[in-house]
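Visitor: I am new to this. Please show me how to read a structure, one feature at a time.

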Amino acid sequence: MSPALHRHPRFISLEGGEGAGKSTAINAIREALHARGHEVVLTREPGGTPLAERIRALILTPDEEVAAEPLSAEAELLLVFAARAQHVRQVIQPALRRGCYVLSDRFTDSSYAYQGGGRGLEPEWIADLERRAVGLLPGLTLLLDVDVAVGRARANGRDLWPDRIESEQDDFFQRVRAVFRQRAAQDPARFRLIDASQDQAGVAASVVAAIDAWLAQEHPRD
Ligand code: Z5A
């Protein structure tokens with residue numbers, strides 16, 4: 001029998017496509033939790049530990065800059081899970097044991113969306129890796145949802161070179177968005193869908209309202 005997934009109430013993830021505004025939103029959540037007296041650990045995926053950040057570089061650096069061969073979809077999936085296995089054990093679980101809230105910019109839902117939806121790998125394989133290598137589910141996941149063209153235009157406005165995944169075409173990102181939305185619809189107890197087409201202040205207000213409602217529901221005495 002494969003191991004079970006444990007959903008932790010102090011573990012919160014943010015998900016969404018490119019340019020959805022996760023960076024601004026995560027800072028607004030951190031401030032809201034701090035203001036309520038909670039200790040918060042902010043982290044991200046792929047990455048979050050020195051070793052996992054090195055794996056992140058392998059995943060995101062354009063192929064020609066790493067080696068004279070393309071990274072296969074299967075190797076990409078195993079690399080995101082190698083990074084996550086380290087991240088969970090080195091950072092997330094210890095912080096949760098200390099009583100902190102953990103806010104992660106992306107987690108396993110991104111693997112279902114990008115490697116499952118985008119690359120076409122089997123969700124059953126991802127689910128098996130999730131149970132065996134991770135074993136942990138966020139208590140709350142905020143999905144920042146925005147039209148692909150809008151998100152990409154925002155990201156392109158930053159004047160940075162696109163990384164290996166950002167260099168994919170629009171149809172890849174449409175499949176990514178569809179999987180995120182499908183997962184949110186299938187698990188309404190965990191997901192909150194945030195309209196990320198609003199301006200930054202509007203998105204920040206929506207995520208903080210979602211956090212407040214969730215704290216009141218999960219931790220009525222906080
Ligand atoms: N990946 C994967 O494939 N599998 C996995 O399992 C995991 C990840 C965990 C790196 O993630 C890549 O890893 C990602 C998925 C893959 N690839 N892609 N594409 P990342 O989170 O580091 O990269 P990202 O999603 O591409 O980050 P991003 O584009 O920076 O998204 P964001 O954090 O949501 O955006 P932002 O930095 O907050 O904002 C981007 C720009 O838009 C910035 O100039 C803002 O000022 C502007 N912005 C933000 N919000 C707004 C609003 N509301 N209005 C106007 N302008 C805005």
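Visitor: Which residues around the ligand come nearest?
Guide: Keep in mind that this is a predicted model. Of the 27 residues around the ligand, Lys22, Arg56, Arg106, Ser111 and Arg158 come nearest.

Visitor: What kinds of residues make up the shell around the ligand?
Guide: Sort them by type. The shell divides into 11 charged, nine polar and seven nonpolar residues.

Visitor: Which atoms of Gly21, Arg84 and Gln200 lie by the ligand?
Guide: Look at the N and O atoms. In Gly21, a backbone N or O atom lies 2.8 Å from a ligand oxygen. In Arg84, a side-chain N or O atom is 3.0 Å from an oxygen atom of the ligand. In Gln200, a backbone N or O atom lies 3.4 Å from a ligand nitrogen.

Visitor: How much of the ligand does the protein bury?
Guide: Taken alone, the ligand exposes 1000 Å², and the protein buries 85% of that. The ligand takes up the space of the largest pocket.

Visitor: Which elements give two or more residues to the shell?
Guide: They are helix 1 (22–35), helix 2 (50–60), helix 4 (73–97) and helix 5 (108–118). Helix 5 gives the largest share, four residues.

Visitor: How is a pair of aromatic rings described?
Guide: By the distance of the centres and the angle of the planes. The count here is four aromatic pairs. Take Phe11 and Phe107: their ring centres are 4.8 Å apart and their planes stand at 85 degrees, so the pair is edge-to-face.

Visitor: Where in the chain are Phe11 and Phe107?
Guide: Phe11 is in strand 1 (residues 6–16). Phe107 is in the loop between strand 3 (101–105) and helix 5.

Definitions and conventions. Residues are numbered from 1 along each chain as its sequence is written. This is a predicted model: local features need pLDDT of at least 70, side-chain atom pairs count only at pLDDT 80 or more; totals for chains, interfaces and linings use all residues. Side-chain values use heavy atoms; hydrogens and water are left out. A residue is near a molecule or strand if one of its heavy atoms lies within 4 Å of it. A polar contact is a pair of N or O atoms within 3.5 Å; within protein, one must be able to donate a hydrogen and the other to accept it, and residues adjacent in sequence count only if both atoms are side-chain atoms. Accessible areas come from the Shrake-Rupley method with a 1.4 Å probe; for residues, only the protein chains shown count as cover. On a 1 Å grid over the protein atoms alone, a cavity is a set of points where a 1.4 Å probe fits but cannot get out, and a pocket is an open set with protein on both sides within 12 Å along at least five of seven lines; lining residues have an atom within 4 Å of a point. A molecule sits in a cavity or pocket if more than half of its atoms lie within 2 Å of its grid points. Ala, Val, Leu, Ile, Met, Phe, Trp, Tyr, Cys and Pro count as nonpolar, Asp, Glu, Lys and Arg as charged, and the others, Gly among them, as polar. Rings of Phe, Tyr and Trp (its six-membered ring) pair if their centres lie within 6.5 Å; planes under 30 degrees apart count as stacked, over 60 as edge-to-face and the rest as tilted.
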